[in-house]
Amino acid sequence: MSEKREIILSGIRPTGRLHYGNYFGAIKTFVDLQEQGKSCYYFIADYHALTTLTEREDFFRQTLDMLRTYVACGLDPAKSVIYRQSDLPCTAELTLLLGMVTNIGHLERGTTYKDKMSKLTDRRDGTEGNPLSYGLLGYPVLMAADILIVKADIVPVGDDQRQHVEMAMDIAQKFNHRFGETLKVPAPVARNALRLPGLDGAAKMGKSEHNTLDLLDDPKTVLKKIKGVQTSTDPAPLSVESNEPDMVIPEMAPSLGTLYRLLHLLAPEDVYLDFMGKYRRQEKFYGLLKTTLAEYVSKFNEPIIERYNDPANNDEFVMDFLRENARKVTPVALETVEACRQAMGIGHSLHRA
Ligand code: TRP
């Protein structure tokens with residue numbers, strides 16, 4: 001009997017251009033798991049993007065561009081099932097069903113909800129309309145549906161999403177307890193997904209923080225961004241804890257710390273160690289550090305940009321594989337929803353007869 005392959009699932013919100021934080025925090029892991037021959041499901045979480053929508057955005061365009069970048073980074077739609085969340089609308093039904101076993105107090109403690117809530121209380125001028133929607137409160141339930149619908153074993157996510165995966169485990173357990181063993185409970189998330197700090201030294205590189213280095217940045221942009229990084233020699237302690245066990249970062253200005261992390265990721269060990277030595281000896285070296293790093297970054301981006309612009313990697317190609325992969329994931333998903341309906345005693349398979 002052949003051993004059942006582990007099922008991996010993860011999602012990324014369509015936020016436009018992908019940056020180094022996305023790559024080293026998620027995409028690289030996605031590609032590694034794909035190359036280990038696991039059964040991988042990766043999707044663009046466009047329903048989730050709607051929960052924090054403040055103005056109209058062209059998610060379709062952003063989704064296509066993101067997927068072309070995924071492909072350029074090595075994700076292969078022939079090996080991984082790469083789809084768009086909204087092409088699997090039965091996720092919405094599962095969300096509804098799971099909502100019946102989800103405690104509101106639990107949701108109110110969710111990180112995304114709490115963040116948004118505190119931002120709202122920071123500026124109570126009411127100019128934003130009402131961003132605290134039912135959909136936002138339900139963010140973790142939708143995410144649980146994404147995970148449970150494909151019967152995922154493992155959900156690789158960054159530390160900021162760990163709590164959501166734990167909520168999904170909890171919801172699945174509650175469901176099973178109440179309606180009988182129906183849903184596969186995923187394994188807890190392994191710790192220490194890499195989180196890159198921003199070019200400004202902030203704890204997180206993020207699009208809304210405006211501190212990203214992007215995978216599609218050309219050499220000129222790369223150099224400009226890196227040259228613009230503050231390398232103040234004030235011995236401000238590093239604001240983020242290093243979560244890379246093999247890498248020792250001395251106390252240095254946070255944005256300088258970001259440059260060192262990037263160098264560690266992209267350059268050969270001896271180059272990195274050489275610059276570490278320069279730092280310890282307090283030589284004047286920031287200019288050289290920046291131009292050296294910029295070269296490694298551009299070298300890293302070059303093949304990605306090339307594959308991104310490959311005429312074969314066009315919108316039509318993406319739309320074709322989206323269509324095909326939605327067809328691949330749908331039967332698995334419908335099976336889960338049907339099992340839940342049966343367990344709950346509703347909508348009993350009339351359509352099957
Ligand atoms: N919430 C995740 C994020 O913002 C994206 C996401 C949606 C996801 N559904 C998921 C990740 C299911 C893993 C599994 O990054």
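Figure 1. The ligand has 14 residues around it, and R13, H48, Y139, D146 and Q161 are the ones that come nearest (a residue is near a molecule or strand if one of its heavy atoms lies within 4 Å of it). This is a predicted model, so local features need pLDDT of at least 70 and side-chain atom pairs count only at pLDDT 80 or more, while totals for chains, interfaces and linings use all residues. Residues are numbered from 1 along each chain as its sequence is written, and side-chain values use heavy atoms, with hydrogens and water left out.

Figure 2. Let's go through the side chains in turn. Y139 has a side-chain N or O atom 2.7 Å from a nitrogen atom of the ligand. For D146, a polar side-chain atom sits 2.7 Å from a ligand nitrogen. Q161 puts a polar side-chain atom 2.9 Å from a nitrogen atom of the ligand. On its own the ligand has 360 Å² of accessible area, and the protein covers 90% of that (areas come from the Shrake-Rupley method with a 1.4 Å probe; for residues, only the protein chains shown count as cover). Helix α8 supplies the largest share, with four residues. Helices here are DSSP runs of H or I with at least four residues, strands are runs of E with at least two, and both are numbered from the N terminus.

**Figure 3. Strands β2 and β3 side by side.** Strand β2 (residues 39-44) runs parallel to β3, and the pair is joined over four bridges (two strands pair if DSSP finds at least two bridges between them). Across this pairing, Y42 stands opposite I82 in β3. What covers the two faces of β3 (residues 81-84), buried or exposed residues? Buried ones on both: V81 and Y83 on one side, I82 and R84 on the other. Buried means under 20% relative accessible area, exposed means over 50%, and partly exposed is in between (1.4 Å probe, protein chains only).

**Figure 4. L33 and its surroundings.** L33 belongs to helix α1 (residues 20-35). With a relative accessible area of 13%, L33 is buried. Setting aside neighbours within four places in sequence, L33 is in contact with I8, K38, C40, Y42 and P156 (contact means heavy atoms within 4.5 Å). The C-alpha atoms of L33 and S80 are 9.5 Å apart, although 47 residues separate the two along the chain.

**Figure 5. T95 in helix α4.** T95 lies in helix α4 (residues 90-99). Its relative accessible area is 17%, so T95 counts as buried. Not counting residues up to four places away in sequence, T95 touches V141, L142 and A145.

**Figure 6. Stepping back to the whole protein.** The protein has 14 helices and three strands. Of its 353 residues, 50% count as buried. Among contacts with a separation of 6 or more, 75% join residues 24 or more positions apart. The protein exposes about 18,000 Å², and carbon and sulfur atoms supply 53% of that area.

Terms used:
Polar contact = N/O pair within 3.5 Å; in protein donor to acceptor, adjacent residues only side chain to side chain.
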